[in-house]
Amino acid sequence: MPKYKKCPRCELNYIEEDKDYCDVCLAEMQGGKLRFADLEEDEEEVEKTELCPVCGENYMRPGEKMCDECRQNADNYAEEEDIDPEKD
């Protein structure tokens with residue numbers, strides 16, 4: 001069973017004794033981005049969309065009144081109302 005020690009750089013993560021640094025510190029030192037640590041980018045994506053007030057399930061672009069699915073359903077409903085019963 002391998003022995004573990006704390007990473008000498010961050011002193012948070014445990015690493016095997018034969019390694020110099022943990023994976024997080026290695027990625028930071030090499031200038032790479034960490035997938036799980038890129039929270040700022042994820043928050044920006046959420047701000048670009050809003051929850052649809054009609055269905056409360058789908059997201060829509062800011063400034064719109066409803067999502068694409070609700071708009072399509074509303075258009076279909078409006079087409080049904082336009083049918084004149086006398087001409088039918």
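**Entry 1. Cysteines**

I began with Cys25, whose sulfur lies 3.5 Å from the closest cysteine sulfur, in Cys22, which is too far for a bond. The model is predicted, and I kept this in mind for each entry. The cut-off I applied for a disulfide is a pair of cysteine sulfur atoms within 2.5 Å. I then looked up Cys55 and found it in no disulfide; the nearest cysteine sulfur, that of Cys70, is 3.7 Å away. For the structure as a whole I noted zero disulfides.

Cys25 is buried, at a relative accessible area of 2%. Cys55 has 28% relative accessibility and counts as partly exposed.

**Entry 2. Confidence**

I next consulted the pLDDT values. The protein chain has an average pLDDT of 78, and 70% of the residues reach a score of at least 70. Which elements have the lowest and the highest mean pLDDT? I found the lowest mean, 51, in helix α2 (residues 39–47), and the highest, 95, in strand β1 (residues 4–6).

**Entry 3. Secondary structure**

I recorded three helices and four strands for the protein chain. Read from the N terminus, the order of the elements is β-β-α-α-β-β-α.

**Entry 4. Salt bridge between Arg9 and Glu28**

I listed the salt bridges and noted five in the structure. One of them joins the side chains of Arg9 and Glu28, with 2.9 Å from N to O.

**Entry 5. Salt-bridge network**

I then turned to Arg61. The side chain of Arg61 meets that of Glu64 in a salt bridge of 3.2 Å, N to O. Arg61 also forms a salt bridge with Asp68, where the closest N and O atoms are 3.5 Å apart. How many residues are linked here, and which are they? I noted a network of salt bridges that links Arg61, Glu64, Asp68 and Arg71.

Arg61 is partly exposed, with a relative accessible area of 45%. Glu64 is partly exposed at 24%; the limit I used for buried is under 20% relative accessible area. Asp68 is partly exposed, its relative accessible area being 42%.

**Entry 6. Chain totals**

The chain has 88 residues, and buried residues make up 11% of them; Cys25 is one of the buried residues. The chain exposes about 8000 Å², and carbon and sulfur atoms supply 47% of that area. Finally, I looked up contacts between residues at least 6 apart in sequence, and recorded that 0% of them join residues at least 24 apart.

Technical notes:
Residues numbered from 1 in each chain as written. Predicted model: local features only at pLDDT ≥ 70, side-chain atom pairs only at ≥ 80, totals over all residues. Heavy atoms only, no water. pLDDT = per-residue confidence, 0-100. Helix = DSSP H or I, 4+ residues; strand = E, 2+ residues; numbered from the N terminus. Salt bridge = Lys/Arg side-chain N within 4 Å of Asp/Glu carboxyl O. Buried < 20%, exposed > 50% of the residue type's maximum accessible area, 1.4 Å probe, protein only. Contact = heavy atoms within 4.5 Å. Areas by Shrake-Rupley, 256 points an atom, 1.4 Å probe, with all protein chains shown as cover.
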